[in-house]
Amino acid sequence: MKNFVKVISLIMAVMMLICCFAACGNKDAEKAKDYVIATDKGFSPFEFEDAEGNICGIDMDIMNAIAEDQGFTYDLHYIGWDAAIAECQAGQADGMIAGASITDKRKSEGWIFSDGYYDATQGMAVAADSSIAKFEDLKDKNVVVKNGTMSDEYATSIADKYGFKVTRVSTSPDMYAQVQGGQADACFDDTPILKYSIKTGDLKMKYIDGSENEPASYGFATFSKDSAELLEKFNAGLKNIKANGKYDEIIKKYLG
């Protein structure tokens with residue numbers, strides 16, 4: 001009888017362990033996110049890290065609102081522009097939201113875009129004490145841009161006309177640091193980012209009015225047809241948050 005009790009006790013113990021492992025597995029499954037979304041770093045007011053270490057900005061709020069509207073979850077990889085593209089192309093992220101302008105060139109290179117969610121131009125900024133006031137003042141100067149961006153394309157397209165050199169870096173903070181530190185004479189970047197950062201005092205620079213190109217729309221981007229469902233959800237959610245006023249609230253929060 002004692003042996004029988006021991007056997008029953010052993011079986012019950014094993015079953016409890018199995019239940020515990022199953023519960024842990026379910027708990028881990030509950031924690032798993034539906035998607036991985038990559039983004040840029042230091043691209044205020046679209047994505048940036050606040051004083052408390054939270055990743056916030058227009059892109060972040062739009063992504064959160066769309067995810068809530070469409071009922072999906074995601075892990076955010078705050079890794080920088082080049083790294084975000086590479087991660088998506090390698091299949092390590094399902095998509096990226098990073099102020100990426102929708103262009104035919106990018107589409108031909110494999111980018112698959114959502115509907116546009118914000119129209120932006122690119123423009124030029126210089127150090128606060130700079131005498132540069134127009135493109136003609138850039139002759140023999142050094143202009144820094146973030147590699148692979150619309151601003152890179154814009155600056156490169158007019159470099160020969162105005163006689164300046166283009167230097168490329170990987171991140172916006174590196175670009176701004178070169179201008180503020182005197183290693184570069186000017187930079188090109190998205191107009192709302194430059195104006196916002198100068199207005200808030202984050203950049204000790206001045207924006208050159210009239211330096212803008214034609215506007216282009218930002219889009220959420222994927223690099224694989226396997227992410228078609230995510231793209232459909234983004235478009236549907238974007239349409240809904242524009243209709244219910246949430247989109248306008250987000251834009252007003254950061255840009256007034």
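**Exercise 1.** Which residues have the most contacts inside the largest nonpolar core?

*Solution.* First, the ground rules: this is a predicted model, where local features need pLDDT of at least 70, side-chain atom pairs count only at pLDDT 80 or more, and totals for chains, interfaces and linings use all residues. Residues are numbered from 1 along each chain as its sequence is written, and side-chain values use heavy atoms, with hydrogens and water left out.

A nonpolar core is a set of buried Ala, Val, Leu, Ile, Met, Phe, Trp, Tyr and Cys residues joined through side-chain atoms within 4.5 Å; buried means under 20% relative accessible area with a 1.4 Å probe, protein chains only. The largest such core has 45 residues, and Ile62, Cys187 and Phe234 have the most contacts inside it. Helix α2 (residues 58-70) gives the largest share, seven residues; helices here are DSSP runs of H or I, at least four residues, and strands are E runs of at least two.

**Exercise 2.** Work out the strand order of the five-stranded open sheet.

*Solution.* Start with the pairing rule: DSSP must find at least two bridges between two strands. That gives β9-β8-β10-β7-β11, with mixed pairing. Now check the ends: β9 (165-169) and β11 (205-208) each pair on one side only, making them the edge strands. Next, zoom in on β7 (residues 122-127) and β10 (residues 186-190): they run antiparallel, joined by five bridges. Val126 sits opposite Ala186 there.

**Exercise 3.** Which residues does Phe234 touch, leaving aside neighbours within four places in sequence?

*Solution.* Take contact as heavy atoms within 4.5 Å. Phe234 then meets Ile62, Met63, Ile66, Ile97, Ser114, Tyr117 and Phe220.

How values were computed. Buried < 20%, exposed > 50% of the residue type's maximum accessible area, 1.4 Å probe, protein only.
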